[in-house]
Amino acid sequence: MEWETVIGLEIHVQLSTQTKIFSGASTAFGAEPNTQACAVDLALPGTLPVFNENALRMAVMFGLAVNAEIGKRSVFERKNYFYPDLPKGYQTTQLAEPIVGPGYIDIETEEGGTRRVRIHHAHLEEDAGKSLHEDFHGMTGIDLNRAGTPLVEIVSEPDMRSAKEAAAYARKIHAIVTTLGICDGNMAEGSMRCDCNVSIRPKGSETLGTRTELKNINSFRFIERAIETEVARQIDLIEDGGRVVQETRLYDPDRNQTRSMRSKEEANDYRYFPCPDLLPVVIDETYIEQIRQTLPELPDARKARFITEYQLSEYDAGVLCADSAQADYYEALVKQTGDAKLAANWVMGELAKNLNQQDLDIRQSPVSATQLAGLLVRIKDETITGKIAKQVFEILWSEGGNADAIIDAKGLKQVTDTGAIEAAVDQVIAQCTPQVEQYLAAEPDKRGKMLGFFMGQVMKLSQGKANPGQVQGLLKTKLDALLPK
Amino acid sequence: MFDLTLTQLADGLERGDFSSQELTQAWLERIQREDAQYNAYITLTPELALQQAAQADAQRAAGQAGRFTGLPIAHKDIFCTIGVKTSCGSKMLDNFIAPYNATLVERFNTAGAVMLGKTNMDEFAMGSSNENSYYGPVRNPWDTTRVPGGSSGGSAAAVAARLAPAATGTDTGGSIRQPAALCGITGLKPTYGRVSRYGMIAYASSLDQAGPMTRTAADAALMLQVMAGHDPRDSTSAEVAVPDYTAQLDLPLKGLRIGLPDEYFSSSLDSQIAAQIQQALRQFEALGATCKPIRLANTARCIPAYYIIAPAEASSNLSRFDGVRYGYRCEEPKDLMDLYTRSRGEGFGREVKRRIMIGTYALSAGYYDAYYRKAQQIRRLIQQDFVEALKEVDVIMGPVTPHTAFAIGEKNNDPVAMYMEDIFTLSLNLAGLPGMSIPCGQVAGLPVGLQIIGNYFAEDKLLNIAHQFQQATDWHTQSPVKL
């Protein structure tokens, strides 16, 4: 039987407010445990929440960016359950009246088309702390630094039909929130985490199959792999006569498998009710309009502009705009080099390759846009060749510094001195008699191709520094001069 | 000195009749000598008190004293006080030293007040008799075999027995007014949002409100002046200007329209109490007021509505007491579930557990609409009743309690009978309105309270009315103790 995969995503985005959603404590990542948790975050008796208006503003920005209705009135509710890293014994969240109502985004599909993914709603809530299971001699430590960090939880409709689409959707959300500047986008630090609801059904069926929820996935690659793995498991299960149980599962990237965490029966009754410590959040059209005016250029608009302004292909523009930091990097490069094509090749080529190899985000790139621009202008003014440029880039990447200094220090400047090049050409022609003879004997239209061999030899002799244009011209002149008249 | 009101003590300090240190020392000694028979205090803070008193005297010497500088008061043990045990009457918090001050405490400190100690209360403010305290019941100074009322029973008994010139209390369903009535003192529950709840350990957040417990209305005005005002740390505190409460005490009552709800003078009211209330109303008429009957049709529904909403909020508010970060933790927990169940099972008392269970049930999937949502609907109806009534009258008057103080142990095993004692007080919390209890008579040697209910933020009016009554009567000067 042919199966169709149905996927809905719940994405938790940490908002990059300076302070927490309901307290004045800092949200900075990586501090010593419990040093960024104030009386409110620790849920000391008598403490009360005060809503951070910045979190509201960011949530509204997101809503506007995904074409959503904005809740003029939103209500915080308490989701009650006991967990050691949940200090109040409830999470303050939104349920019946969220800040962001129905919206949508469009994603590119593998077939090259677009698919509209509807967003059911997005709501504001607070993050929990962390349980630390190491270093406590069999006990559990609690770090409440993260407790109270503002989150927007974005709940999609089950509109995605493949693991790749799910990853594309997540990437698009990532691009939007980073472009808006409401999230630092750092997935390794948990700034964006994803729960995937996955089910399968016979192709053509309209009813949804029983779904499982894959919890807390924090990379695009893992979203894709986790869903693929889970879909394969569900298909095997059903084809072997079994049935899918509604449950929460955990993806283990080391073993590339999902395993059950808890079944629906074990699920909590969260006893939601409106939080009596917080007033309903009421906003008006003016407030929303003011925020709309401040919205930056969004990824889709930016992509369209890249295509027209920089004459990039649809594909290249899409890749560059998938991450706002990457698009920013690219634009900085264009501005400093004046060469959109060269900049695109380098960002998507050498830079992307190195970043991928070391699993780095462009924000963590050891080579800044200015450093790379310094290198690219030397390619453009023919100080160095493209090949040498790659060497310089490797040095920039591993040792830092600037391109000019490296070129000088290592003597990598392109040789344009005609005398030196001529000497090298003469040497090659003298040393490669058999190839010269073949060249002279060849049909005129084949000779062009054969010139490549001599080019390689001369470049090798000049350690890549000879100006390739000059070399080619000289080779041709000198070889053709040997042809019988 | 112990028979002087807070206002008279303020005058005495201003005149230099005594210093704050002398005053404080004398009150501390009296508490240490006398409190064993009442159990009004959980914690005495003599060192802190004398230190604050010395500071107050220095301030006065420097010419920087305000009206409240150097006045000793007691705080209900529900308010967080830096460096001092804040138990909320519970074993759960017997070891809890608050690392911060409640806004209310901070405001009193800033005003120059001296804290004598922390008063006894029903555990987590749940109770109408003060029998639910981990620290033992408080005894009514008028008859020590009887309850002082609750949950602010310690504060009421302390003020009545002259163990504090005034005290703070909190009122979620009558917890200021009912003990004030049973102990023969003056108690004011302000409008919801008038006084910050920050640092006041939550029982039912949408109902909790702090207020003064004093001997006179003038004293209550002095206290409320310090307590009232917006607090940016409490989103539910009101941004409404605070009037000068003392300045309006002497306004005449001529033309005052008093509404008398039929439902408050029904058969559940003790006839002797009814007679005392009627006598008080005649007094108001003599002062120029007129009385007319009104309807508060949903009065009887306040008890079921309250006992859904308050426990529902409490079940969530008290989840933080889990043995993980502070407070009571059971011995050698085997695992997480064991830590939770034993810490909470051993740390909470019977009534607290009962309300957590009621509230958890009321919020459960499938019951929410039938209980919690329905209770909220009733709450709105009750509120509308008051809003309508207060269009026709300036204030509403009636009894505070259906009976005078009952015997310790009498209703302890009948929670519903105990809940019924709150029938005249719960509605106000559901509506968020201000209400006062002032002494207006006695039955068999036990005090009777008159309840005065006003419109939102009409505390100044209530204090004015109560003060005028107290100028014309002497019930508020009756003392259960010989000095």
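Helix H7 (residues 217-227) of chain B packs against helix H15 (residues 459-472) of chain B at an angle of about 155°, with the axes 8 Å apart. Helices here are DSSP runs of H or I with at least four residues, strands are E runs of at least two, and both are numbered from the N terminus. Axes are lines fitted to C-alpha atoms, for helices over the stretch in contact, and angles run from 0 to 180 degrees between N-to-C directions. The angle makes H7(B) roughly antiparallel to H15(B). Angles over 145 degrees count as roughly antiparallel, under 35 as roughly parallel, 65 to 115 as roughly perpendicular, and the rest as oblique.

This is a predicted model: local features need pLDDT of at least 70, side-chain atom pairs count only at pLDDT 80 or more, and totals for chains, interfaces and linings use all residues. Residues are numbered from 1 along each chain as its sequence is written, while chains are lettered from A and ligands numbered from 1 in the order in which they are written.

Back to the helix pair. From H7(B) come B:Ala217, B:Ala218, B:Ala220, B:Ala221 and B:Leu224; they meet B:Glu459, B:Leu463, B:Ala466, B:His467 and B:Gln470 of H15(B). Two residues are in contact if their C-beta atoms, placed from the backbone, lie within 7 Å. Seven residues of this contact are nonpolar, two polar and one charged. Ala, Val, Leu, Ile, Met, Phe, Trp, Tyr, Cys and Pro count as nonpolar, Asp, Glu, Lys and Arg as charged, and the others, Gly among them, as polar.

Chain B is divided into domain 1 (6-248) and domain 2 (303-373). Such bounds come from an automatic or database domain assignment. The C-alpha centres of the two domains of chain B are 27 Å apart. Domain 1 of chain B gives 21 residues to the contact, and domain 2 of chain B gives 17. On the domain 1 side, ten are nonpolar, eight polar and three charged.

UniProt, in an unreviewed entry, places "domain: Amidase" at residues 22-463 of chain B. UniProt positions follow the numbering used here, feature names are shortened, and annotations may be inferred rather than shown by experiment. This span is 37% helix and 14% strand, and its end C-alpha atoms lie 30 Å apart.

The unreviewed UniProt entry also annotates B:Lys76, B:Ser151 and B:Ser175 as "active site". They span 100 residues in sequence, yet no two of their C-alpha atoms are more than 11.2 Å apart, so they gather at one spot. B:Ser151 sits in the loop between strand E3 (114-119) and helix H5 (153-160) of chain B.

Now chain A. Its assignment gives domain 1 (3-287), domain 2 (297-410) and domain 3 (418-482). The C-alpha centres of domains 2 and 3 of chain A are 33 Å apart. Four residues of domain 2 of chain A contact four of domain 3 of chain A. The domain 2 side has one nonpolar, one polar and two charged residues.

Helix H14 (residues 444-461) and helix H15 (residues 468-482) of chain A cross at roughly 125°, their axes coming within 10 Å. That makes H14(A) oblique to H15(A). A:Leu451, A:Phe454, A:Met455, A:Val458 and A:Met459 of H14(A) meet A:Pro468, A:Val471, A:Gln472, A:Leu475 and A:Lys476 of H15(A). Eight residues of this contact are nonpolar, one is polar and one is charged.

Last, the chains meet. In the model, 24 residues of chain A contact 34 residues of chain B. The chain A side comprises 16 nonpolar, three polar and five charged residues.
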